[in-house]
Amino acid sequence: MKLQLFSLGLILALGCLISACQKGELDPNQPGNLVPLTVDQDPSLPSIAVNGTQLHAEAFGHPDSALLVVIHGGPGADYRYLLNCKAFADDGFRVVFYDQRGSGLSKRHTKDSYNLQVVWDDLEAVIEHYKTHAGQKVFLLGHSWGGMLATAYINANPGKIDGAILGEPGGFTYAQMREYLDRSHGYSLFSETLNDAVYLDQFLSGRGDEHEILDYKFGLWAAADGAKDSPVGNEGPLPTWRAGAVVFDALFSIGEKDGFDWTTNLDHFDTTILFVYSENNTAYGEAHASKVSSAYPNVQLFRVDDAGHDMLSFPRGWANFYPVGLAYLNSLK
Amino acid sequence: MKNSIIIIIVLLGMTVPVFAQNINWQAFQPEQKQFVQIQTGWDYGLTLGLGYGRKFNTRMPVLVNIEYSFPAGERLFDDFKVRLGGQVEVIRRGGFSATVKVYSPFRRFENSLVRLVNFGGEFSGVAGFYRKHWYVAGEFGFDKAIATHVRHTPLARETYPNARDGWYVPTGGNYFYGLQAGVSFGNSDISLKAGNLASQGWKTKPYVPKYAVLAYSYRF
C-alpha cells in the first residue's frame, strides 16, 4: 500500500512538472535561443563567401595598406577576443579579422567535412579576398591555435608571407602541443573548475549535427580558462561570440589520430618572427616558448608581462604588447 | 516531448523508483528492510553521495530509495544530484538475476555563466550472477535530460544578450554501459561499478566518457 501511494505521488508530481515545463517550452536547437545566429542565418552580419563556405569577416584600415590577417585560437574560438588588434589599422595596416570555418559566427558544416587542408585553404582564400595588388605585403598574427595555423601555412608557403606575430602557439608538432595541453589543463581533481566542466555533461548533450546545443555547451566548458585556478593566468573570461564545438572536435581528433609536424620547411622562412609569451601562464613559460619557437631560423622572443595566455585581450597585456608588435611590423613594412 | 512523458509515466507505472547503486538481492535477510549507503567515485565529476533505501515484499522484490550526491569543488552545494526511484528484480533463475531500474534524477549546476536545473529520466537494466556473498553483473542504461531550466548570468549576457532563459526540452541524454561487482558480509555490502558513457546518437561523448563508483551499504 505504501509503495502504491508513493508511486502515485511521484507520478502526480512529475505530471505537474512536465505540464509546467510545456507552457514555455524552448528548443535548444532553435537558432538564436542559446547561441547567436551565424552569417548564413543572419544576412546583416559582415561576411565573405570563399572556398565554398561563408565566413564571418571584416577588415579595417586602407585597403591598399599592408595586410595583417588576425587568426584566432581554438580551434573553435572566434575573433571577438582579438579586436584590440584593430589598433593596427590606425597605424597604417589593413587589419583583417575572420572567424574560421565552423567557428564563431561563420557557417557550420558537418564534422566529416573539416580537415587541416581546408583550414589552410580558407586562410589563403581570405588573404586573396582582401589583397588588392600583387606587391601588397601580408603579415599574420596568430594567437594560440591561430599561431599553429599560421605556422602550418608558412611551412607550406614560406614565400607568401612577409612576417608573423605568434602568441603562445601550443606547439608546432603534436608532441609539443600535447605537452602544453597537459600542463594548461592540469586542474586538481577536487577543483570547482574541473568539476564544473565535466558535471555539465549530464545536463547538455547533442548529436553530431546539433550545432546549437553543442556550441552552447562548449562555450560553457571553455569558460574554465577564465577561472582563477586555471594555469593559463588570464584576468577573467574572454569575450567571445560563439564557440565551434564540432570543428574543435573534428580537428582535435585528426591531430590525435594522425599527429602533425609543421616544422619541416620552416628553415626556408628566414624572415624574423615575433614570438610572444606571457608572464602569468605557468603552463607555457620561457622554456616552452624557446623550444617551440626554435623551429624558425630567426626569432624575436618577447615576454608580455602582467598578462596570461590571452595577453592580447586584456588591458595590461595589450598595453605591454602593442608597442613591440607595432615596431616589429613597421620594421618589415 | 510527448514521447518522453509517455515513457516516464509508463515506467513510473511499474511502481519503480530508483537506485543508482548495486544491490545484491540474495544478501538481504528476511528481517532486513532498509539500508543506508555512502558512495564515492567518478560520476560526471569526483562525487560523494549518501543514500537511503527500503525493500518491499511485493510479488517481485522491489527496492525504493533516495540518493543525494555532489561533486568536489570550492562551492559544495551549487551543483548536486538527487535521485529518486528504485529497482525491481524481474528474473531470478538459480544464480542468474536480472533487475530493471528506473530513476528520476533532479540535478542542479551553476557556474559564472549559467544556472541549470534539470529533471531527467534514467532507465537501465542489470543482469548477472549473484550469490549470498558476491555478485558480478553487467549494466546498460540511458539517462535522459528531459527538461532543463536555463538562467543566464549578467556575465553570460555580455557574450550573448539575446540568450533566452526558460525551460529547454529536451537537452540531450547519455548512454552508460559497464560492469559491476560486489561482496557482502554480515550486514554490509561493498560494491564497485565502472563503465563507459556515450551521448545520444553515439556521435559525441562526454568530456570524460567513463564512470566508476565505489559504495558501502549497511542493511538493517
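Q: Which residue is the bridge partner of A:F275 in β8(A)?
A: The partner is A:L301. Before going on: this is a predicted model, where local features need pLDDT of at least 70, side-chain atom pairs count only at pLDDT 80 or more, and totals for chains, interfaces and linings use all residues. Residues are numbered from 1 along each chain as its sequence is written, while chains are lettered from A and ligands numbered from 1 in the order in which they are written.

Q: What makes β7(A) and β8(A) paired strands?
A: Pairing requires that DSSP finds at least two bridges between two strands. Here 6 bridges join β7(A) to β8 (residues 299-304), and the two run parallel. Strands themselves are DSSP runs (E, at least two residues), and helices likewise (H or I, at least four), numbered from the N terminus.

Q: Which strand is joined to β7(A) by 3 bridges?
A: That is β6 (residues 163-167) of chain A, which runs parallel to β7(A). In this pair, A:L166 stands opposite A:F275.

Q: Why is β7(A) called mostly covered?
A: In this strand (residues 273-278), 6 of its 6 residues are buried.

Q: Why are α6(A) and α7(A) called roughly perpendicular?
A: Their angle is about 75°, with the axes 8 Å apart. Angles of 65 to 115 degrees count as roughly perpendicular (under 35 roughly parallel, over 145 roughly antiparallel, the rest oblique), so these two helices are roughly perpendicular to each other. The axes are lines fitted to C-alpha atoms, for helices over the stretch in contact, and angles run from 0 to 180 degrees between N-to-C directions.

Terms used
A residue is buried if 20 or more other C-beta atoms lie within 10 Å of its own, exposed if 12 or fewer, and partly exposed in between; C-beta atoms are placed from the backbone.
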